[in-house]
Amino acid sequence: LEALLFAALFAAMDDAERFKDVDQLLIRTGPLANQGNYGSIFPEHVPFEPSADILPFLRQGANILVIGAGGLGCELLKDLALVGFGNIDVIDMDTIDVSNLNRQFLFRSSDVGRPKCQVAAEFVMKRVKGVTVNSHFGKIQDKDASFYRQFQLIVLGLDSIEARRWINSMLCSLVTYESSEDGTVTPDISSVIPFIDGGTEGLKGHARVIFPRVTACFECTLDLFPPQIAVPLCTIAETPRNAAHCILYAHLILHDREFPDAVKPDNDDPEYQQWVYAKAVERATTFGIGGVTLTHTQGVIKNIIPAIASTNAIVSAMCALEAFKIVTNCAAYLSNNCMYMGTHGLYTPTFCYERSSLCVACSTTRVSLTVPPSETLEAFLQRMVDDPRMRFKSPSVRAEGGLRGDTLYMRGALESATRANLALPMCELVRDGASLIVTDPALPVNTTVIVQFG
């Protein structure tokens with residue numbers, strides 16, 4: 001009842017009354033307002049100038065995009081709206097499942113099946129008077145560069161490395177360069193769209209501030225992510241040791257064995273989840289293993305890490321604070337990564353990532369690969385997939401001045417026409433030092449790779 005009364009009172013206030021505490025940070029300066037790391041972004045120090053005009057800009061002039069409307073995304077939308085942002089867009093491709101309701105507090109049981117972004121937008125606009133939240137139901141890859149250019153800031157509430165790589169590459173591609181009188185080429189700050197990456201995993205999380213092509217981008221530090229832990233298939237098939245092994249047996253082995261001609265099942269299909277659960281229980285019983293539940297089954301086949309609402313709230317608060325500081329310039333922003341570790345007590349170390357000169361997303365240096373002249377194109381494509389600098393998924397390759405045409409291998413409609421090139425050695429397809437244009441679904445823009453024979 002108290003919460004409902006507070007919400008009603010909050011909704012009845014005008015902007016000046018509702019955000020009077022926020023305004024205190026904007027209409028006066030303080031001892032820390034002009035200390036920090038501004039020099040790493042701007043050519044000259046940009047001091048904070050208190051003004052009564054900052055809050056109206058926050059309410060009406062700043063456009064901010066939230067990517068993801070799940071556990072972290074719900075918290076972000078709430079925090080950003082309550083801190084004063086008046087124009088927010090949110091994009092998400094998922095619909096609401098009943099399992100979301102325990103932590104994604106903007107949703108109710110009557111919303112199950114509806115797009116998360118639409119329901120979240122409706123809820124926030126209903127509870128916070130004066131805020132406009134525009135929802136976009138779909139993939140981030142469906143939006144072009146013009147869509148992302150309209151925002152001053154983007155905040156990520158994603159649970160996928162692939163999606164982070166894609167949006168990072170997109171924002172890096174939007175940066176233009178300018179030349180000084182002495183010939184020095186630097187990023188045009190007006191074209192840089194900063195983004196804040198928030199992430200949670202159980203009782204751990206992080207908030208990270210990235211200025212594309214100025215500070216270390218997401219791709220610069222991709223090799224710091226731990227590799228996925230794979231379970232040997234023989235263990236799953238022959239000697240399961242825990243409940244997850246039994247679930248994976250039904251999911252990866254038994255389904256194909258019982259339905260050899262069936263299409264690949266949808267991991268989000270409740271009927272398929274129930275089938276896997278029932279078969280996993282049978283196998284667990286056979287081997288005397290306990291712990292197989294429907295919730296665990298859903299987590300294993302969908303690769304879900306248990307989410308904790310309090311972790312989402314903490315990380316969201318960190319991200320919202322950084323967004324507020326960047327847009328208003330009222331204090332130094334994070335430089336540039338903060339970890340939250342709540343497994344044993346509270347530990348929040350902050351450290352600065354450095355840019356990589358070999359980054360395929362933000363570096364102006366082209367990637368060079370040294371390969372044997374006799375290496376086949378198929379092996380070369382796999383080399384790019386395995387290379388920690390690129391980590392491509394399904395690359396297609398064109399060559400500038402190829403010996404057998406410019407298109408070396410193209411997936412999709414041209415795959416059959418270029419398939420024969422896969423068995424040919426690279427020396428028959430390109431010259432030493434050739435520039436290859438690589439297209440891959442992991443990145444929104446092409447990557448140039450220089451081939452060196454050696």
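Which residue just after α11 takes a positive phi? That's G288, with a phi of about 65 degrees. This is a predicted model, where local features need pLDDT of at least 70, side-chain atom pairs count only at pLDDT 80 or more, and totals for chains, interfaces and linings use all residues. Residues are numbered from 1 along each chain as its sequence is written, and side-chain values use heavy atoms, with hydrogens and water left out. Helices (H or I, at least four residues) and strands (E, at least two) are DSSP runs, numbered from the N terminus.

**The eight-stranded sheet**

- Eight strands make up an open sheet with mixed pairing, in the order β3-β2-β1-β4-β7-β8-β9-β10; two strands count as paired if DSSP finds at least two bridges between them.
- At the edges sit β3 (132–137) and β10 (350–351), each of which pairs on one side only.
- β2 (residues 87–92) runs parallel to β3, and six bridges join the two.
- Within that pair, V90 stands opposite S135 in β3.
- Helix α6 (residues 116–127) lies across β2 and β3, and runs at about 170 degrees to β3. Such angles run from 0 to 180 degrees between N-to-C directions, with axes taken as lines fitted to C-alpha atoms, for helices over the stretch in contact.

**Strand β7 and its neighbours**

- β7 (residues 195–201) is mostly covered, with five of its seven residues buried. Here buried means under 20% relative accessible area, exposed means over 50%, and partly exposed is in between (1.4 Å probe, protein chains only).
- On one pairing, β4 (residues 153–156) runs parallel to β7 through three bridges, and V155 has I196 as its bridge partner.
- β7 also pairs with β8 (residues 204–210), this time in the antiparallel sense over seven bridges. G199 has H206 in β8 as its bridge partner.
- The β7 and β8 hairpin has two residues between the strands, and G202 takes a positive phi near 65 degrees there.

**Helix α11**

- The 17 residues of α11 (residues 270–286) should span 24 Å at 1.5 Å a residue, and the end C-alpha atoms are 25 Å apart, which agrees. The expected span is 1.5 Å times one less than the number of residues.
- Y272, Q273, W275, V276, A280, R283 and A284 are buried in this helix.
- Seen down the axis of α11, those buried residues fall within an arc of 165 degrees, so they line one face of the helix. The arc is that of the directions from the helix axis to the C-beta atoms.
- D269 caps the N-terminal end, with a side-chain oxygen 3.1 Å from the backbone nitrogen of E271.

- F287 lies in the loop between α11 and α12 (294–301) and is partly exposed, with a relative accessible area of 38%.
- Leaving aside residues up to four places away in sequence, F287 touches E238 and P240; contact means heavy atoms within 4.5 Å.
- F287 and T239 are 48 residues apart in sequence, yet 8.6 Å apart in space, C-alpha to C-alpha.
- In α12, the buried residues are T297, G299, V300 and I301, and they pack against α10 (243–258) and α11.
- Just after α12 comes N303, with a positive phi of about 55 degrees.

**R165 in helix α8**

- R165 is found in α8 (residues 161–173) and is buried, with a relative accessible area of 3%.
- Not counting residues up to four places away in sequence, R165 touches F218, E219, L222, M390, R391, A442 and L443.

**The five-stranded sheet**

- Another open sheet has five strands in the order β11-β15-β14-β12-β13, again with mixed pairing.
- Its edge strands are β11 (367–371) and β13 (407–409), each pairing on one side only.
- Neighbouring strands in this sheet are turned by 30 degrees against each other on average, direction ignored.
- β14 (residues 435–439) and β15 (residues 447–453) run antiparallel and are joined by four bridges; S435 has I450 in β15 as its bridge partner.
- Helix α14 (residues 377–386) packs on the sheet and touches β11, β12 (396–399), β13, β14 and β15. The direction of α14 makes about 135 degrees with that of β11.

Definitions and conventions:
Polar contact = N/O pair within 3.5 Å; in protein donor to acceptor, adjacent residues only side chain to side chain.
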